[in-house]
Amino acid sequence: MFTVRSRLVASALVLTLGLPASAAEPTPTADAPTRAAGLHGHRYAFAAGGLLLLGGAGFGYLAQGEANRARTLSSARESGAALDRARANAATANVLYAMAGAAVIYGLVLELLPEPAAEKASLTFHF
């Protein structure tokens with residue numbers, strides 16, 4: 001019997017052994033509409049929202065670190081400067097969170113609209 005002690009190696013084996021099953025999926029018929037894989041049109045809004053959310057989380061983490069650092073400083077001037085940096089990072093995080101929410105709401109609106117209306121409301125440029 002074969003034993004694997006590492007979860008990473010076990011996960012890789014499961015995924016590798018599962019790949020031939022996914023390759024044997026039936027191909028779509030000529031009657032069914034085909035859609036290429038990847039991000040299309042308004043789906044970029046979801047990706048942008050996710051990236052903005054990650055950026056906001058990063059700035060939030062930096063703000064929290066600066067606020068904790070300000071508590072440990074003994075000089076009032078250095079502590080005030082650290083708190084100012086923490087406030088600036090927190091404000092940037094809040095703006096990025098708002099932009100992420102707006103991008104996701106925009107993507108949801110375009111997802112729920114009928115196709116012709118979604119194409120007209122899309123912010124992408126068509127040649």
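Contact here means heavy atoms within 4.5 Å. With that in hand, here's a quick tour of a predicted model, in which local features need pLDDT of at least 70, side-chain atom pairs count only at pLDDT 80 or more, and totals for chains, interfaces and linings use all residues. Residues are numbered from 1 along each chain as its sequence is written, and side-chain values use heavy atoms, with hydrogens and water left out.

**The chain as a whole**

- You'll find 4 helices and 0 strands in the chain; helices (H or I, at least four residues) and strands (E, at least two) are DSSP runs, numbered from the N terminus.
- Read from the N terminus, the elements go α-α-α-α.
- Of the 127 residues in the chain, 15% are buried, where buried means under 20% relative accessible area, exposed over 50%, and partly exposed in between (1.4 Å probe, protein chains only).
- The accessible surface of the chain is about 10000 Å², and carbon and sulfur atoms hold 67% of that; such areas come from the Shrake-Rupley method with a 1.4 Å probe, and for residues only the protein chains shown count as cover.
- Take the contacts in the chain with a separation of 6 or more: 55% of them link residues 24 or more positions apart.

**How α2 and α3 pack**

- Helix α2 covers residues 43-72 and helix α3 covers residues 76-112; they pack at an angle of about 165°, with axes 7 Å apart.
- Those axes are lines fitted to C-alpha atoms, for helices over the stretch in contact, and angles run from 0 to 180 degrees between N-to-C directions.
- The residues of the contact of α2 with α3 split into 23 nonpolar, 8 polar and 5 charged; Ala, Val, Leu, Ile, Met, Phe, Trp, Tyr, Cys and Pro count as nonpolar, Asp, Glu, Lys and Arg as charged, and the others, Gly among them, as polar.

**Residues to look at**

- A63 sits in helix α2 and, at 9% relative accessibility, counts as buried.
- Not counting residues up to four places away in sequence, A63 touches A86, N89 and A90.
- N89 belongs to helix α3 and is buried too, at 16% relative accessibility.
- Beyond its neighbours within four places in sequence, N89 is in contact with F59, L62, A63 and E66.
- Q64, in helix α2, counts as exposed at 52% relative accessibility.
- Q64 and L83 are 19 residues apart along the chain, with 9.8 Å between their C-alpha atoms.
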